Amino acid sequence: MTRNFLADETSPYLLQHADNPVHWYPWGEAALARARAEDKPILLSIGYAACHWCHVMAHESFEDEDTAAVMNRLFINIKVDREERPDLDAIYQSALSLMGTQAGWPLTMFCTPDGKPFWGGTYFPPRAGFGRPGFPDLVEHIDKIYRTEQDKVATNTRAIVDAINDMSRPEPGDIPAPDMIAMIANRLTDEIDQTHGGFGTSPKFPQCSVLKMMWAHGDARTRDAVTLTLDRMSQGGIYDHLGGGFARYSTDPIWLAPHFEKMLYDNSQMIELCTLAWRGANAPLYAARVQETIDWLDREMTHQKGGFFSNLDADSEGVEGKFYVWDATEIKTILGSDFNSFTAAYDIRPYGNWQGHTILNRTADPCWKDPDTEQHLSELRAKLLSARNSRVRPALDDKILTDWNGLMIAALTEAALTFEHPPWLASAEKAYDFIRDHMVINPEFELHHSWRNGDARHRATLDDYAALARAALALHEATDDPAKLTDAKALIAYLNRHFVSEDGAYFFTDDTATDVITRTKTGFDNATPAGNGIAAEVLVRLFHLTGDTTYRDRAEAILRAFAGEISKNAFGHGTLLMAAGLLTEGVQIAIIGDPADTQTQALRAAAYRSETPLRIVAVVAPGATLHDTHPAFGKSAINDAPTAYICRGPVCSLPVHEPEQLILELSL
């Protein structure tokens, strides 16, 4: 046979392994059929292109001829890109957690020929160490267990699959009331690191979903905890102070040393969170981070036709972080007489602050300086960026994913309207058109999940439909485009036909899935917001925008399905809690006026600049009307001038004509 079967794949991660001596298969019927025919267990390896430890294990084991020979003799070896197949990753990460091992990548799972897991782990060294067995010895041992302890293997697989299915049966309850959501938000404040911000010690993740919920529903103390966290992340080493954009997480408690890969989904959430916080805090730091991160997106992460790429690698030249770190002498050569002032601001030390090198950060003095100082620092950073551009760059994973693009489109739209920056809205619309043109399979609005080099592949998941529907509604509220509202309705209709479970929530995979051992279901936010939480928000918005109570009923069914889980662990359910808050406390802003009128546009801009986090905006053109259950139904423009009404529950404000008055009224 040929060395392996990955050469025809589109995933950059799978293509990285196409020349391995391991006889890799992609996930699919060919691999599963061979495993069944030869009664060989499956060695399943899941990772992604930007994963540092995935690279390490590949170099140590999968590129080694002797190790590959053992793997090829004993197993059917399958390689999966977790970003292309998040449905598979969700199943086997859950299995790993049930085995008592912390989930992560690379995921190494041993399965029966029909794909059922019986033992696994993450990274394994080539020789015993770090409390882990050597990988070649491990695969020999696992094969022996499979051959000699079939009863035990069968018992383990049944228990694991049953437990995964149990995890997909959440505990229901009553939808959280506004006072309960506020109590949760304020209680979580006590979990924030009061020195450095964020949750826990190390590693530290941004946790944008819970921070967003805390900002929207918390008191002044809670908002202070969120701003502390945002300040420390925005001035720490997790942020790329030269090129813009946030790394995936910090390996330490102080946000200094990141795991250097940059993910599209993290940056979409950070743009949205910084935008939301800027409206309440008016902090120039947040505006700067939004601007710089979107500049990075435009410069490095955007396909010429509009879609957004997935991630940048942590490594370059085989070394983690090499592209991003500095030596003091190098900086001094570039900056000359400005070296000392830059050193004081960015923690430049003679022997570095991380592994003998320097990660630029402003943690010691994170306060935003006067405009002249910030402008001078910006000019110095530009010199260093120019020098850095000559280095060997980290690899780009240029596949385009529907769900991650949906997250970024919504974030860009929110930022564009908040900061009144039309080019960002144009980028969001162009990306949306790309996804619609390349990912929609048929008029039923069935979607693909992944696209690269003209080739769209893989069945879309709940997250794809929900995130794209949210993006469509964000653009509809921003532009009045009725086609976007129609798209959102069609995407939800597809979910309702193919994803709904008996308890009212959505499965992660649709009812046509044939190559997964189970259909998972969760409302828990991980690195990305939970699809059920996003869908609940979309349904609430559709209810407010259309008056169709079936959307409200669907949203309530999702929220009830997970309410018991929220009561047990509110931390992981920020997106669902935001949807519940929007359902009960969402502020509806109706603007009656010609969308092309500058005063109408000014009123809409004011609605987005206000600090109100839970709001739905509807612009009603002359001759059009709101649906008859909208609280502003029947309201009109006063004296034929664009007029806004703020509706809380069934009660609407007096007519508002001036943008600043609208902002003031929304703050009450």
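These legends describe close-up views of a predicted model.

**View 1. The largest cavity and its lining.** The model holds 4 cavities of 30 Å³ or more. The largest of them has a volume of about 330 Å³. Its lining comprises 20 residues. Closest to the cavity centre are Glu 272, Glu 414, Arg 470, Glu 537 and Arg 541. By class, the lining divides into 9 nonpolar, 2 polar and 9 charged residues.

**View 2. Helices around the largest cavity.** Five elements are shown here, each giving two or more residues to the lining of the largest cavity: helix H11 (264-281), helix H16 (402-418), helix H18 (462-479), helix H20 (531-546) and helix H22 (574-585).

**View 3. The second largest cavity.** Its volume is about 200 Å³. Lining residues number 15. Nearest the centre of this cavity lie Ser 209, Lys 212, Glu 272, Arg 470 and Pro 529. Glu 272 and Arg 470 are also among the residues closest to the centre of the largest cavity. The lining of the second largest cavity has 6 nonpolar, 5 polar and 4 charged residues.

**View 4. Helices around the second largest cavity.** At least two lining residues come from each of helix H9 (208-217), H11, H20 and H22. H11 gives the most, with 4 residues. H11, H20 and H22 also each give two or more residues to the lining of the largest cavity.

**View 5. Helix H2, buried side and exposed side.** H2 spans residues 29-38, and Ala 31, Leu 32 and Ala 35 are buried in this helix. These three cover an arc of only 95 degrees around the axis, so they sit on the same side of H2. Ala 30 and Ala 37 are on the other side of H2, and both are exposed. Cover for the buried residues includes strand E1 (24-26), strand E2 (42-47) and strand E3 (76-81).

**View 6. An open sheet of 3 strands.** The strand order is E13-E14-E15, with antiparallel pairing. Strand E13 (400-401) and strand E15 (455-459) stand at the edges. Each has a single partner strand, so one side of each lacks a neighbour in the sheet.

**View 7. The pairing of E13 with E14.** Strand E14 covers residues 448-452. E13 and E14 run antiparallel and are joined by 2 bridges. Ile 400 stands opposite Trp 451 in E14.

Key: Residues are numbered from 1 along each chain as its sequence is written. This is a predicted model: local features need pLDDT of at least 70, side-chain atom pairs count only at pLDDT 80 or more; totals for chains, interfaces and linings use all residues. Side-chain values use heavy atoms; hydrogens and water are left out. On a 1 Å grid over the protein atoms alone, a cavity is a set of points where a 1.4 Å probe fits but cannot get out, and a pocket is an open set with protein on both sides within 12 Å along at least five of seven lines; lining residues have an atom within 4 Å of a point. Grid points are joined across faces, edges and corners, and a volume is the space filled by probe spheres set on the points. Ala, Val, Leu, Ile, Met, Phe, Trp, Tyr, Cys and Pro count as nonpolar, Asp, Glu, Lys and Arg as charged, and the others, Gly among them, as polar. Buried means under 20% relative accessible area, exposed over 50%, partly exposed in between (1.4 Å probe, protein chains only). The arc is that of the directions from the helix axis to the C-beta atoms. Contact means heavy atoms within 4.5 Å. Two strands pair if DSSP finds at least two bridges between them.
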